[in-house]
Amino acid sequence: MTTPGPDIPGSGSRAGSAVPHESARGHVTGEALFTDDLLGRFPGLVHAWPVLAAHAHARLTRLDTTAALAQPYVVAVLTGSDVPGEGDAGPARHDEPLFPIEVMFHRQPVAWVLAESLEAARLGAARVVVEYEPLPAILTIEQAIEQRSYLAGPIGLTRGDVGVLGASSLRFDGQLSIGGQEHFYLETQSAVAWMDETGGVSLHSSTQHPSQTQEIVARVLGVARHQVTVECLRMGGAFGGKETQANTWAAIAALGAWKTRRPVRVRLTRQLDMALTGKRHPYLARYEAGFSLDGRLDALRLSLWSDGGWSLDLSEPIMWRSLFHCDNAYHLRAVDAVGHVCLTHKTSQTAFRGFGGPQAMLVIEEILSQGARRLGLRPEDVRERNFYREGDTTHYGQPVGDADRLGTIWTTLKQTSAFERRRADIDAFNARSLHVKRGLAMTPAKFGIAFTATFYNQGGALVLVYRDGSVQLNHGGTEMGQGLFTKIRQVAAGSLGVAADRIRMMPTRTDKVPNTSATAASASTDLNGAAVIDACRQISARLTTVAAGLLGCDASAVRIADDTASDGRRSLPFSEVCEAAYRQRVPLFAHGFYRTPDIHFDPAVGRGRPFHYFTYGAAVSEVEVDGFTGAYHLRQTDILQDVGDSISPVIDRGQIEGGFIQGVGWLTLEELLWDTQGRVATDTASTYKLPSWSEVPDVFEVNFLQRATQPGVVFGSKAIGEPPLMLAISVREAIRDAVTAFADAGGGHAPVVTFDSPATPERVFSAVRRVRLERPAFR
């Protein structure tokens, strides 16, 4: 197919329109259904509840289900002996047994009880007798490093000679510990499975990757994939947490249906979901950096360790993206970056918005901030001085396209946010305020768009036009509230030249569009939208020929737009042209396909072009910090984001605002804690702190970079799902700026302030205390 561009006939009134989310009304009225809302369609439904291990690491020595089977209303107990195929849900290494002999994290399911009600299943699970031989557990990254307990690594990227560190005017080293993050999607993990009349298995699953869920279920049941159909109606949030980790629950539901020949429901309670599912990876970074006196970064030696938990999952590609993004927006002339994925006896950490990029970007911002403070320079000046320029390449050899947009965004945002005036106002406020200080910071974000596994960069679609001119649209992406279906419908409306209300978005199903990629990597509009354009162009070409015959003109004179086909003199309703096409035996359906061009990467040499393009953005944030409590208040945030030509401005703005606030939560509030037994201590909404209205800035300005068309993508638009999250680093840096201001209260010079992430009030309070006592740093 040809590369989709912004010049598609009839697109002007469709793409770029400020339309609401296609399911917005259903979301607020309750009419929009999710997986667990469908139970009434399945008479004879059976409910599943897990038997949970009481150790973080142990060997199972006895499993007796006799008492459970005697429990009233219990139908069956699933164990490893019930698996007809391979009892493993691991997507890469097949390292995630559904019924483990060796327990690898606290509360890991070792069996599942099926019963007529959820309560009966829970009571039955409590009656399963399990005995264990406890084994030593590794619960921290530091313990894993000490014991060389790794799932992957070392992997690395290098450029230049880091030996120049020894000649740098400023040289320092340090360490940064970065916490993980709970997805806390509103809809917990959920699946319903049933046998159809042919002996195949069908599922409703809350999954970002229906094709992989299909693959895992087929593997567990020992059948070919065409015997398994997976449908995702919509999800109540996912953020990466349902990219691979929906597979286990779907597999259990399918196995239960296979054994009982009845529909089976698996839905995790909030507490179970938080205890059993993976999180954003915690990281430990150790670095050595060298700067010139004017603030240019000479060289960087960086080691990253992630806490992968008990299985590999997506941890290796997540670490690769960390290595790709350890530059953020900065030209690293000499860098040696190495990553390891640690094996610990905790939940298997997984994809989360940003996919390893945020952790690495946080590290480089920490380094630049420290460098600026040590040199007595303004952090925003040091950042700008190290920006990529036109003609630069990344440390893995990819040209940085449109690098000048960084400078444009930076200069524009400084002006529109009144940065210099506010800097002076904050300095004046801090001079007269003893116990409350304000801080201001400005940070950029560059983010690469594509799956780093090249083969995932493909999309498919099936477009069906009916005789009355109405349309059903199927594609490989899933809707999780992010607005993908809204954008795709706008793309289809523009490509076909019809009103959006003619188009019905269909649930994502593996029997409509096969072999799809996950809805992830911020690439779903790029991939599936381009596939939809391909299908629509095929149909439009056929309809144009039909219309030309009806109008008595050449096909080149026909334009289909606004629900009509016209040659400039006469017009025909779109529905009339469709009816005529049917009567002329012209097909009114088409499969579309797209593959991202010109991307490749060779991990053996650490060189390639893994990304289709880069997005750019910047944020200015202002905070106020209370020196008595460490509590902060976010006074104002100004964001300028490069979205190309926005397909759906309302959706894009929502993604920017929501992503930013989610990033604020990760960096300042949300602290995952495990106790010494390996149990998740923050496993409820009462113990895990989420951002709320109080974290929304008093003034929140979001704007799009103008005249920013991106060539070679859908309607000139750019991805928006992940990039805004990293702009929340500006809040952390503003907190650092405010804490530094407390040094004046102690009568001394400003020390270098550093603290681990998240910057909770407890950490900020301790940092303020240390600054006032003129201690050199706090960690």
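Axes here are lines fitted to C-alpha atoms, for helices over the stretch in contact. Keep that in mind for the first of these close-ups, which come from a predicted model.

**View 1. Helices α5 and α6 pack against each other.** Welcome to a meeting of two helices: α5 covers residues 210-221 and α6 covers residues 247-260. Their axes lie 9 Å apart and form an angle of about 45°, so α5 is oblique to α6. The crossing of this pair is right-handed. On the α5 side, look for Q212, T213, I216, V217, V220 and L221. Their partners on α6 are N247, A250, A251, A254, L255 and W258.

**View 2. Q108 sits in a loop between two strands.** To find this residue, follow the chain from β4 (102-103) towards β5 (109-115); Q108 is in the loop that links them. Is Q108 buried or exposed? Its relative accessible area is 2%, and because buried means under 20%, Q108 counts as buried. Beyond its neighbours within four places in sequence, Q108 is in contact with V51, L52 and A53, with P97 and P100, with E102 and V103, and with W310.

**View 3. Helix α8 is mostly covered.** Our last stop spans residues 315-324. How many of the 10 residues of α8 are buried? The count is eight.

Notes. Residues numbered from 1 in each chain as written. Predicted model: local features only at pLDDT ≥ 70, side-chain atom pairs only at ≥ 80, totals over all residues. Heavy atoms only, no water. Buried < 20%, exposed > 50% of the residue type's maximum accessible area, 1.4 Å probe, protein only. Helix = DSSP H or I, 4+ residues; strand = E, 2+ residues; numbered from the N terminus. Contact = heavy atoms within 4.5 Å. Axes fitted to C-alpha atoms, helices over the stretch in contact; angles between N-to-C directions. Parallel < 35°, antiparallel > 145°, perpendicular 65-115°, else oblique. Left-handed = near helix turned anticlockwise from the far one by under 90°.
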